[in-house]
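Okay, everyone, thanks for coming. I'd like to walk you through one protein today, starting with the overall picture and then going down to single side chains.

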Amino acid sequence: MPFTTAIVAAVLVYIWFIEGRAARELVYIPGTLVVALAVWHNTKAGEWGFSRKGVWRAVRAVLVVTLPAALLFLAVGAAIGTLHDRRDFLGSFAALYAWGSAQQWVLQTVVLREAQRATSQNAGVLIAALLFGAVHLPNPFLAPVTGAAALVWCRIYDRYPNVLPLALSHALGTLAILYAFDETITGRLRIGMSYLRLVGP
């Protein structure tokens with residue numbers, strides 16, 4: 001899994017050693033490297049993650065899972081008293097959809113496919129999901145949530161290889177979390193050293 005290894009290494013170096021210690025513009029270096037690696041991989045593999053086959057079935061599949069999960073988050077938030085309003089729903093959704101598309105594109109077209117080629121169809125789904133969750137450590141809320149979500153996303157993508165419905169799920173799920181819980185629970189969705197600096201010693 002050479003491309004996956006290089007991509008995960010680039011992300012980990014940034015979130016543990018660069019973010020917060022250098023100019024924010026430095027995010028473009030690992031970001032560009034990840035995109036370049038994904039393009040290189042996908043050029044060789046011939047898969048870009050935008051197949052029209054079954055795209056509406058994929059939308060239905062992600063909504064069947066995402067909407068109940070979002071409602072559960074909101075219900076839990078209401079029960080524990082952290083449910084709150086946020087500004088600019090559409091602007092937040094657009095930004096989260098774009099960010100979710102990028103993450104899903106790399107996760108599905110590179111990480112999932114390399115993991116499946118190295119192991120098996122089902123084992124690859126599990127490996128990809130575990131890696132995705134692990135990248136979100138040490139945030140104790142985000143790591144298990146993203147790992148579980150990635151398990152579902154990878155399974156759906158394996159049947160319907162289009163990342164855009166998954167980005168919809170990613171954005172809606174994240175918005176539900178942001179409305180349902182406060183920053184003490186979500187850790188401001190921070191990961192790596194940024195999370196550790198947030199929670200302090």
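Before any percentages, one cut-off: I call a residue buried when its relative accessible area is under 20%, exposed when that value is over 50%, and partly exposed in between. With that in hand, 44% of the 201 residues in this protein count as buried. And please keep in mind that what you're looking at is a predicted model.

So, the overall picture. The secondary structure comes to nine helices and zero strands. If you read along the sequence, you get the pattern α-α-α-α-α-α-α-α-α. Along the principal axes, the C-alpha atoms fill a box of roughly 50 × 40 × 30 Å. How does the radius of gyration sit against a compact globule? For 201 residues such a globule would come out near 17 Å, and the protein has 17 Å, so the two agree.

Now for the charges. As a reminder, side chains of opposite charge can pair when their charged atoms come close. How many salt bridges does a search of the whole structure find? It finds three.

Let's begin with Arg 113 and Glu 47, whose side chains meet in a salt bridge at 3.0 Å, N to O. This pair links distant parts of the chain, since Arg 113 is in helix H4, residues 89-118, while Glu 47 is in the loop between H2 and H3, 66 residues apart. Are these two buried or exposed? Arg 113 has 13% relative accessibility, so Arg 113 counts as buried. Glu 47 is at 18%, so Glu 47 counts as buried too.

Arg 113 also forms a salt bridge with Asp 158, and there the closest N and O atoms are 2.8 Å apart. Arg 113 lies in helix H4 and Asp 158 in helix H6, so this pair ties together parts that are 45 residues apart in sequence. Asp 158 has a relative accessible area of 17%, so Asp 158 is buried.

Then there's Arg 188 with Glu 183, where the closest N and O atoms are 2.9 Å apart. Here Arg 188 is partly exposed at 41% relative accessibility, and Glu 183 is partly exposed with a relative accessible area of 47%. Which residues end up in a network? Salt bridges that share partners join Glu 47, Arg 113 and Asp 158 into one.

Let me stay with Glu 47 for a moment. The side chain of Glu 47 also makes a polar contact with the side chain of Tyr 157, at 2.5 Å. If we leave out residues up to four places away in sequence, Glu 47 touches Asn 42, Thr 109, Arg 113, Tyr 157 and Pro 161.

On to helix H6, which covers residues 142-159 and holds Thr 146. Thr 146 has a relative accessible area of 10%, so Thr 146 is buried. What does the side chain of Thr 146 have by way of a polar neighbour? One of its polar atoms lies 3.1 Å from the backbone oxygen of Ala 143. Beyond neighbours within four places in sequence, Thr 146 is in contact with Phe 132, Gly 133 and His 136.

Leu 151 is in helix H6 as well, and with a relative accessible area of 37% it is partly exposed. Again not counting residues up to four places away, Leu 151 touches Val 125, Leu 126 and Ala 129. And from Leu 151 to Gly 133, 18 residues apart in sequence, the C-alpha to C-alpha distance is 9.4 Å.

Last stop, the surface. Val 35, Val 39, Trp 48, Phe 50 and Leu 164 form a nonpolar patch there, with about 410 Å² of accessible area together. One of them, Val 35, is found in helix H2, residues 28-45, and Val 35 counts as partly exposed at 41% relative accessibility.

That's my tour, so over to you.

How values were computed. Residues numbered from 1 in each chain as written. Predicted model: local features only at pLDDT ≥ 70, side-chain atom pairs only at ≥ 80, totals over all residues. Heavy atoms only, no water. Helix = DSSP H or I, 4+ residues; strand = E, 2+ residues; numbered from the N terminus. Buried < 20%, exposed > 50% of the residue type's maximum accessible area, 1.4 Å probe, protein only. Polar contact = N/O pair within 3.5 Å; in protein donor to acceptor, adjacent residues only side chain to side chain. Contact = heavy atoms within 4.5 Å. Patch = residues over 30% accessible without salt bridge, like charges linked within 9 Å, V, L, I, M, F, W, Y side chains within 5 Å. Areas by Shrake-Rupley, 256 points an atom, 1.4 Å probe, with all protein chains shown as cover. Salt bridge = Lys/Arg side-chain N within 4 Å of Asp/Glu carboxyl O. Rg over C-alpha atoms; globule rule 2.2 N^0.38 Å.
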